[in-house]
Amino acid sequence: MGESDNASRVAELLEQRQQLTDALADSPYDIILYLRRAVVYADLDYPDLASGDAYRALLLTDEISDESFEYHEQAYEAMSMYVGTVPGILVEVEDLVPATASDNDDKDETAPDASDEDVAGDLQECQRMARVAAIRCYQILGASLLLCGCLRSAYDFCQRGLAATAPAQDKELLQTKENVDAEARRRLRELGRGEDYSPTELPNRGSVRREVYPWNTYEPNRSSPESLAYLNELLATAAPKCEVRATELPVLVEDVAAATTGGTCIQLGVFAKEDIAAGEPVLREYSLLTANNRLKESACDACGMQLPSIDKAVNCPDCYDTVFCDDFCFEQAQERYHPAVCEKDVDTIAKDPENARDADDALYVLLLARLLAMAAHQEAHPLEVDEVKFIWGDFITTENRVAALPFSFEANIATPLHILEKMDLDVFAELDVYDVWVCNTLYAKFRGTASARKSRRDGRPDVAAVHPLWCLANHDCDPNVSWEWGGRMVLWAKEERANLTLTQDKDAAKRPGGIKADQEILNHYCDINLPVQQRREWASGSLGGWCMCQRCQNEAAAAVEA
Ligand SMILES: C[S@@+](CC[C@H](N)C(=O)[O-])C[C@H]1O[C@@H](n2cnc3c(N)ncnc32)[C@H](O)[C@@H]1O
């Protein structure tokens with residue numbers, strides 16, 4: 001396909017997506033619409049978003065099956081519109097569902113009148129159609145999650161689909177299961193391990209496109225005069241001697257050889273408006289966008305700081321287990337997010353993860369949970385909440401289709417829905433607010449900007465926070481500021497700059513701190529005392545590639561020469 005053919009195909013698919021999204025806004029419990037949109041997402045090469053729609057459709061098939069479920073009536077009513085037809089999306093799976101006794105039952109002869117009979121017949125037909133639709137959901141979930149690299153989830157959905165079609169064996173589900181198996185063996189070969197594995201060991205983290213979705217109208221033009229004026233108004237209180245400016249930065253990639261050809265891009269940075277003395281505070285920021293992954297950890301629910309003694313800490317009077325370090329934090333929480341989760345039993349979600357990697361992922365899930373609580377309480381769209389609106393998500397242009405955002409079915413689809421359900425929010429009716437692409441965009445913003453603190457007990461990251469002003473300052477391995485987060489994020493001008501001379505002579509290496517007017521505030525996202533290779537590895541997560549600061553370039557060149 002030529003470039004222009006491809007562009008018009010994409011434009012057509014985007015138009016279809018919009019039409020289906022509008023239709024879902026009018027009929028949010030319609031399984032068929034979700035399935036149709038899932039197929040459009042798959043065609044647009046967003047398998048993650050296809051999985052999200054197929055999973056919502058699958059949840060609605062359960063709602064139709066069980067009359068006691070919360071959205072039974074709505075899902076049944078939406079499905080009843082299709083009775084007497086076979087929606088195109090179900091044609092190929094129509095014959096796969098085994099008939100159950102109730103499908104073949106004669107109509108109830110004791111039914112009082114014909115209209116009651118019609119209703120009962122309609123419900124049975126809708127429940128049969130829901131079982132058919134569920135097979136389509138399993139097919140889409142299996143195939144799309146495999147494409148996202150979430151092999152375990154893909155395998156599980158194939159198994160569930162095959163069980164639902166037994167004794168028939170759906171060819172598509174069998175094929176996807178075979179593909180999962182082939183991919184698992186390929187990966188094991190690559191790792192030099194034998195090809196035997198148990199399905200429970202299948203890798204379940206993948207990656208998906210990290211971009212400002214073409215339909216995302218919430219992302220501001222961050223370098224416009226209005227955006228800069230808004231950010232500078234905030235900065236006037238937090239960092240009175242600084243201002244935000246648009247600046248040109250190199251595009252960083254995971255390959256040093258390509259790094260010099262990556263080009264540049266316009267981003268934001270923080271600059272001194274006037275001289276700042278060595279040791280002087282530069283920025284002081286309070287953020288409620290925090291997370292704590294230990295269930296019984298004594299951290300303030302609002303600011304994440306270690307709690308003071310019991311007599312000083314403040315408990316929420318309604319859900320006694322939520323504790324704040326003082327009245328200020330309690331009041332801020334009440335004002336900005338807490339009522340949305342108070343007494344909602346969300347406390348145990350993503351807590352006490354088993355290993356260090358899960359601990360990291362759990363913190364991102366919990367940051368998402370906090371942001372969703374802020375949005376719900378403030379009645380704002382999640383992407384418009386102050387704490388995230390202006391954050392750069394390290395997005396890659398849509399055309400490049402690079403899968404740079406870590407993704408799992410649990411973290412990006414199932415757990416957010418679980419959190420929203422616990423918060424008594426309707427995950428179907430408010431699709432535009434809580435769609436998977438919204439969660440993905442939020443994760444993209446958190447991934448490059450969250451700072452975490454490790455537990456003194458076992459060294460695992462257990463508290464994290466996003467500070468939206470602090471994270472506007474760019475990284476350099478020769479920073480002119482240091483920072484510390486303990487309830488407030490504090491940035492101050494370094495007393496002394498790093499040793500750049502590559503000599504061991506401490507006196508020769510000494511360079512005084514302090515920042516001159518117009519100089520950029522150079523932050524650090526990794527431990528700058530590490531050797532260059534380790535620094536680059538550590539910072540690459542939040543930089544989106546290899547650090548190319550002058551110090552890294554000098555030290556890497558010296559290492560090659562040595
Ligand atoms: C925490 S943000 C820093 C503020 C960001 N420049 C902005 O516009 O909001 C981190 C992102 O800034 C960019 N960045 C920060 N330091 C950089 C550096 N030394 N070289 C190139 N890009 C950098 C990277 O894109 C990184 O993902």
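The model is predicted. The ligand lies between domain 2 (221-287 + 467-562) and domain 3 (288-463), because both give residues to the shell around it. The largest nonpolar core has 146 residues.

**Around the ligand**

- There are 19 residues around the ligand. Gln267, Leu268, Trp392, Asn474 and His475 come nearest.
- Two or more shell residues come from each of strand 2 (242-250), strand 3 (264-272) and helix 18 (532-543).
- Strand 3 gives the largest share, with 3 residues.
- By type, the shell holds 9 nonpolar, 8 polar and 2 charged residues.

**Nonpolar cores**

- In the largest core, the residues that touch the most other members are Ile31, Ala54, Ala133, Leu367, Leu368 and Leu371.
- Helix 6 (residues 114-148) supplies the largest share of this core, 16 residues.
- Another core, of 10 residues, lies apart from the largest one. Among its residues are Val532, Leu543, Trp546 and Cys549.
- Leu371 is in contact with Leu289, Pro382, Val385, Glu387, Val388 and Leu442, leaving aside its neighbours within four places in sequence.

**Val97, a buried loop residue**

- Val97 sits in the loop between helix 4 (72-80) and helix 5 (101-104).
- Val97 counts as buried because 20 other C-beta atoms lie within 10 Å, and the cut-off is 20 or more.
- Beyond its neighbours within four places in sequence, Val97 is in contact with Arg128, Arg131, Val132, Ile135 and Thr165.
- Val97 and Ala164 are 67 residues apart along the chain. Their C-alpha atoms are separated by 7.3 Å.

**Helix 7, mostly covered**

- Helix 7 (residues 151-165) has 15 residues, which should span 21 Å at 1.5 Å a residue. Its end C-alpha atoms are 21 Å apart, which agrees.
- Of these 15 residues, 11 are buried, and helix 7 is mostly covered.
- The buried residues of helix 7 include Leu151, Tyr155, Phe157 and Cys158. Ala164 and Thr165 are also buried.

**Helix 19, largely in the open**

- The number of buried residues in helix 19 is 1 of 12, so helix 19 lies largely in the open.

Methods
Residues numbered from 1 in each chain as written. Predicted model: local features only at pLDDT ≥ 70, side-chain atom pairs only at ≥ 80, totals over all residues. Near = placed C-beta within 6 Å. Helix = DSSP H or I, 4+ residues; strand = E, 2+ residues; numbered from the N terminus. Nonpolar A, V, L, I, M, F, W, Y, C, P; charged D, E, K, R; others polar. Domains from an automatic or database assignment. Core = buried A, V, L, I, M, F, W, Y, C linked by C-beta atoms within 7 Å. Contact = placed C-beta atoms within 7 Å. Expected span 1.5 Å × (residues − 1).
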